[in-house]
Amino acid sequence: MINLMPFVLGPLENNSFLLVDENSGESMVVDPSFDAEPILTTIQERRLSVKAILLTHAHFDHIAGIPYLAAFLPQPLTIGLSSGDAAIYSNSGGAERYGFHIGELPKITLPLFHKQLLSLGTETIEVREVPGHTPGHVLFYVPSLQSALCGDLIFYRSVGRTDLPGGDFNTLVHSIRTQVFSLPPETILYPGHGPSTTVADEMSQNPFLT
Ligand SMILES: [Zn+2]
């Protein structure tokens, strides 16, 4: 079975995650932000192998921990991102514009695409393309946990900003309606910032979507 471990990291209080298959000791890191030491410590203390670092999108606060993790984890490191966000990634996620420096990023080696199924131990993670916040934004749906890691697509009672390069509000709302609201209503949504929520709650109470 998969265990989901959340970490709140960095100056923008990002939700970063470690997905652990308890049987095999395989893990995946999702959206590692600044100050990723607690993730590395958990990996090392529990002697986990890291199958991949998965990115919902390439904004700097969701990728800032990659150079740190890459310095300590066995190589080569598998980095998963949609090709739609490759340009943002190669621009360090816009870090310089906000006065941050995040170091050299490894190449993307796992191009993510819609309906792709990733395996972690014997469990499956489904990739869904959800553009709008960025052109190549994806979410990771973990059926066995009845959970989805949504990045900056949807938040508790709010939605992702669409005023950054490549953002589009109508596209974002369409992504939520087709790819999030089609998940089972009890599905727990873990955003990139702030508290978790559920599909049913946001369908009925999100002021941007009701
Ligand atoms: Zn973002």
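Guide: Contact, as used here, means heavy atoms within 4.5 Å. You're looking at a predicted model, in which local features need pLDDT of at least 70, side-chain atom pairs count only at pLDDT 80 or more, and totals for chains, interfaces and linings use all residues. Residues are numbered from 1 along each chain as its sequence is written, and side-chain values use heavy atoms, with hydrogens and water left out.

Visitor: Let's start with the open sheet ordered 1-2-3-4-5-6. Which are its edge strands?
Guide: Helices (H or I, at least four residues) and strands (E, at least two) are DSSP runs numbered from the N terminus, and two strands pair if DSSP finds at least two bridges between them. This open sheet has six strands with mixed pairing. An edge strand pairs on one side only, and that picks out strand 1 (2-9) and strand 6 (110-112).

Visitor: How many bridges join strand 1 to strand 2?
Guide: These two strands run antiparallel, and M5 stands opposite L18 in strand 2. They form a hairpin with four residues between the strands, where G10 takes a positive phi near 85°. The number of bridges joining strand 1 to strand 2 is eight.

Visitor: And which residue stands opposite D21 in strand 3?
Guide: Strand 2 (residues 14-21) also runs antiparallel to strand 3 (residues 26-30), with five bridges between them. In strand 3, the residue facing D21 is E26.

Visitor: What angle does helix 1 make with strand 1?
Guide: Axes are lines fitted to C-alpha atoms (for helices over the stretch in contact), and angles run from 0 to 180 degrees between N-to-C directions. From one strand to the next, the twist of the sheet with the order 1-2-3-4-5-6 averages 25°. Helix 1 (residues 37-45) packs on this sheet, touching strand 1, strand 2, strand 3 and strand 4 (49-54), and its direction makes with that of strand 1 an angle of about 150°.

Visitor: Is N14 buried or exposed?
Guide: N14 sits in strand 2. Leaving aside neighbours within four places in sequence, it is in contact with residues including F7, D61, H62 and H193. Buried means under 20% relative accessible area, exposed over 50% and partly exposed in between, using a 1.4 Å probe and protein chains only. N14 has 0% relative accessibility, so it counts as buried.

Visitor: Which residues coordinate the zinc ion?
Guide: Donors are N, O and S atoms within 2.8 Å of the metal (3.2 Å for Na, K and Ca), and water is not among the atoms, so sites may look incomplete. The donor residues are spaced H-x1-H-x73-H-x18-D in sequence. At 2.2 to 2.4 Å, the zinc ion is coordinated by H57 (NE2), H59 (ND1), H133 (NE2) and D152 (OD).

Visitor: What is the arrangement of the four donor atoms around the zinc ion?
Guide: Four donors count as tetrahedral if all angles lie between 85 and 135 degrees; four count as square planar and six as octahedral if opposite donors are over 155 degrees apart and all others between 65 and 115; anything else is irregular. Here the four donor atoms subtend angles of 85 to 170°, which makes the arrangement irregular.

Visitor: How do the planes of F17 and Y190 meet, stacked or edge-to-face?
Guide: Rings of Phe, Tyr and Trp (its six-membered ring) pair if their centres lie within 6.5 Å; planes under 30 degrees apart count as stacked, over 60 as edge-to-face and the rest as tilted. The structure holds six aromatic pairs. The ring centres of F17 and Y190 are 5.8 Å apart with their planes at 75°, so the pair is edge-to-face.

Visitor: How many residues apart in sequence are the parts that F17 and Y190 tie together?
Guide: At 3% relative accessibility, F17 counts as buried. F17 lies in strand 2 and Y190 in strand 13 (residues 188-191), so the parts tied together are apart in sequence by 173 residues.

Visitor: Now the open sheet ordered 7-8-9-10-13-14. Which strands does helix 5 lie across?
Guide: This sheet has six strands and mixed pairing, with strand 7 (117-120) and strand 14 (197-198) as its edges. Three bridges join strand 9 (residues 138-142) to strand 10 (residues 147-151). Helix 5 (residues 169-180) runs at about 150° to strand 8 (123-129), and the strands it lies across are strand 8, strand 9 and strand 13.

Visitor: Last one: what is the relative accessible area of E202?
Guide: E202 is found in helix 6 (residues 199-205). Not counting residues up to four places away in sequence, E202 touches several residues, among them I154, R157, F181 and T210. E202 is buried, with a relative accessible area of 0%.
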